[in-house]
Each structure stands twice: as C-alpha cells, then as structure tokens.
Amino acid sequence: MHLTGRCHCGNIAFDLEWPEGSPRIPARACGCTFCVKHGGVWTSHPRATLAVSVQDRAYLSAYDFATRTATFHVCTRCGVVPIVTSEIDGHVYAVVNVNALEHVDPARFDRAAANFEGEAVDSRLSRRERNWIADVRFEGAGG
Ligand SMILES: [Zn+2]
C-alpha cells in the first residue's frame, strides 16, 4: 500500500510504502510532553519504507528534548511535524504523523494511547528498533 503525507504547506513530504498484508494502520497518540502539545499521533511498521523530501531546508527545524534520542522534524513555515527520527547505532529509524497522511480512509486506523514517559533509554531504543520504520531515506537538496 502506497501512502503519502506532507506538512500543511508541503515543504516536508513523504512517501510511505506500507507492507502488503497489513491493512490496519496503528495510530498511537503519544503522551509525551511535546506530543500532548502538538496532538502528535504516530504510526510505523518495521517493514515499511519511507522516503522524505524537503523542498526548503531553511524551513526545517530539528527539535529534540529530554533523552535527546528522538528528533522531531518541524516545518517552521506551517508548524506541522510530519516525521520523527531516531538514530540508533548509526541507523535511522522513523515514525510518521498519522495526521499528515493524505487520502487514507480513517477507518483503517487502530487508534490507541501510548505513553513512554519514564521508560529507560535502553528499552526505548530497542522498542524503536523493533517497531519503527527501518528503511528511511531523505531525498532532495542536501545540507
Ligand atoms: Zn510546512
């Protein structure tokens, strides 16, 4: 299943190749302090493939906090956060913002709350290695 998403102004866009045979899309409403303020709801599949393209990196902010193990990619023109990445042992993993997806029937979403506050860094990282998108590519202008 081919899914697409973008921030509101289109500066950050992504193509998500979702594995066949996985019709349901988990949608985890994250309870961390950042996601509560942003209404962040995320999805990932360990066998999905993600290609991210950024038109103008001048409007791209990489924000992290607390354990500094996750990077929130914020479009500073429209304020949307389409993706989060985590670099683990030199490998980039990602989740995408369910609310940034376009042309997806919302009935496919399995909505659930998720709260990882207080989780130890080790288990946090191994959970991401198991669950996050492991094939992540950034395309377009370098820098
Ligand atoms: Zn934008």
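Predicted model: local features only at pLDDT ≥ 70, side-chain atom pairs only at ≥ 80, totals over all residues.
**Stop 1: the zinc ion.** Select the zinc ion with C7, C9, C75 and C78. The SG atoms of these four cysteines are its protein donors, at 2.2 to 2.4 Å. Now check the geometry. The angles subtended by the four donor atoms run from 102 to 119°, so the arrangement is tetrahedral. For tetrahedral donors the ideal angle is 109.5 degrees.

**Stop 2: the spacing.** Colour the chain by residue number. The donor residues follow the pattern C-x1-C-x65-C-x2-C. C9 sits in the loop between β1 (2–6) and β2 (12–17), while C75 belongs to strand β7 (residues 71–75); the pair therefore ties together parts that are 66 residues apart in sequence.

**Stop 3: C9 and C75 on a surface view.** Which of these is buried? C75 is, with a relative accessible area of 0%. C9 has 30% relative accessibility, so it counts as partly exposed.

**Stop 4: the largest nonpolar core.** Select L3, F14, L16 and L50. Within this core of 25 residues, they touch the most other members. Then show the strands. β2, β3 (25–30), β5 (49–54) and β9 (91–97) are the elements giving two or more residues to this core. Nonpolar side chains tend to be buried together in soluble globular proteins.

**Stop 5: around L16.** Centre on L16 and show its contacts. Leaving aside residues up to four places away in sequence, L16 touches M1, H2, L3, A48, T49, L50, V96 and I133.

**Stop 6: another core.** Finish with F34, F72, V74 and W132. They are among the 15 residues of another core, which lies apart from the largest one.

Conventions:
Residues numbered from 1 in each chain as written. Heavy atoms only, no water. Donors = N, O, S within 2.8 Å, 3.2 Å for Na, K, Ca; no water. Tetrahedral: all angles 85-135°; square planar, octahedral: opposite > 155°, others 65-115°. Helix = DSSP H or I, 4+ residues; strand = E, 2+ residues; numbered from the N terminus. Buried < 20%, exposed > 50% of the residue type's maximum accessible area, 1.4 Å probe, protein only. Core = buried A, V, L, I, M, F, W, Y, C linked by side-chain atoms within 4.5 Å. Contact = heavy atoms within 4.5 Å.
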